[in-house]
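User: I'd like to learn how to read a structure like this one. Could you walk me through a few features, with the general idea and then the case here?

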Amino acid sequence: MDSVRISLTAALRRFSLLVASTLLATFPVHLTVAAASAPSDAAPTPARGFAHMGMGVVSHDGRNGLPVETRAVQTEGVDVASYQGNVAWSTLWSSGVRWAYAKATEGTYYRNPYYAQQYNGSYDVGMIRGAYHFATPDTTSGATQANYFVDHGGGWSKDGKTLPGVLDIEWNPYGAACYGKSQSAMVTWIRDFLNQYKARTGRDAVIYTATNWWTQCTGDYAGFATANPLWIARYASTVGPLPAGWSSYTMWQYTSSGPTVGDHNKFNGGLEKLRKLAHG
């Protein structure tokens, strides 16, 4: 009996070990399969202030090559924001970049902490530079945001090296693409910003936008083209169709993956024409 009991005990022990090793071997696999089949979470909404020129261009319009070489004279430029930190301006100057815009403000709640280095650093190496404001039409009025912009770096001076301020109006990174506004309400908001900026500085602001956004959110409104220069965003071999009213662009943001600083642009003309835009 004792020998039978011992054999039975040994058999049970071997069976237990076999079950345990099988579970250990298979349980991680089940976890892996479950994790792989679970749906991924949507991309998180960025923190307020993180927005910058063109951050929605690739996801909405795609990336379709680089500009085709032409004989037309164009002047290379960059735009920068806080996520790029302190910028190597001397490197950019050596590569042929001659103008720059730095993000100054967003809404009425955010100021770029790197603005001084970016705005003054570009000037110090010889570039013609300016400031831009990322619009959030769902937070405060256009006139209120224009005042905030001018009061915190978005002004203009007739020194030949300061470009007019830019209204960056594009896809909303924090919610609905058109910020919850109807097309007519969006046009009114933009007009209020532009009118107040001109009242404060004496200059017509540049409008930065993408054609698809402009069509969707303003109804392809054509009324700003006579006074406000167009800065178009399109990452492709050609600039493509422009928003209604504009027959040509002043600046073209053609990539967000350029050297040294990702966001590269072409001014539609030579350096002398760029200086004329700065002079006003």
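User: Which residues touch the most other members of the largest nonpolar core?

Analyst: A nonpolar core is a set of buried Ala, Val, Leu, Ile, Met, Phe, Trp, Tyr and Cys residues joined through side-chain atoms within 4.5 Å. Buried means under 20% relative accessible area, with exposed over 50% and partly exposed in between (1.4 Å probe, protein chains only). Here the largest core has 68 residues, and Tyr101, Ile169, Ile190, Trp213 and Trp231 touch the most other members. Helix H6 gives this core its largest share, 7 residues. Helices (H or I, at least four residues) and strands (E, at least two) are DSSP runs, numbered from the N terminus.

This is a predicted model, where local features need pLDDT of at least 70 and side-chain atom pairs count only at pLDDT 80 or more, while totals for chains, interfaces and linings use all residues. Residues are numbered from 1 along each chain as its sequence is written, and side-chain values use heavy atoms, leaving out hydrogens and water.

User: What does isoleucine 190 touch, not counting residues up to four places away in sequence?

Analyst: Contact means heavy atoms within 4.5 Å. With those sequence neighbors set aside, isoleucine 190 touches Leu167, Ile169, Trp214, Thr218 and Phe224.

User: How do I read a helix such as H8, and which of its residues are buried?

Analyst: An α-helix has 3.6 residues a turn, so residues three or four places apart point the same way. In H8 (residues 271–279), the buried ones are Leu274, Leu277 and Ala278. They fall within an arc of 100° seen down the axis, so they line one face of the helix; the arc is that of the directions from the helix axis to the C-beta atoms. These residues pack against strands E1, E2, E4, E8 and E9.

User: Which way do the side chains of E9 point?

Analyst: In a regular strand the side chains alternate between the two faces of the sheet. His264 and Lys266 point one way from E9, Asn265 and Phe267 the other, and all are buried. Two strands pair if DSSP finds at least two bridges between them. E9 runs antiparallel to E1, joined by 4 bridges, and antiparallel to E8, also through 4 bridges. Histidine 264 stands opposite valine 78 and is the bridge partner of threonine 255.

User: How many disulfides are there?

Analyst: A disulfide is a covalent bond between the sulfur atoms of two cysteines; the search takes sulfur pairs within 2.5 Å. It finds 1, with the sulfurs of cysteine 178 and cysteine 217 1.9 Å apart. The S-S torsion is about -75°, so this disulfide is left-handed.
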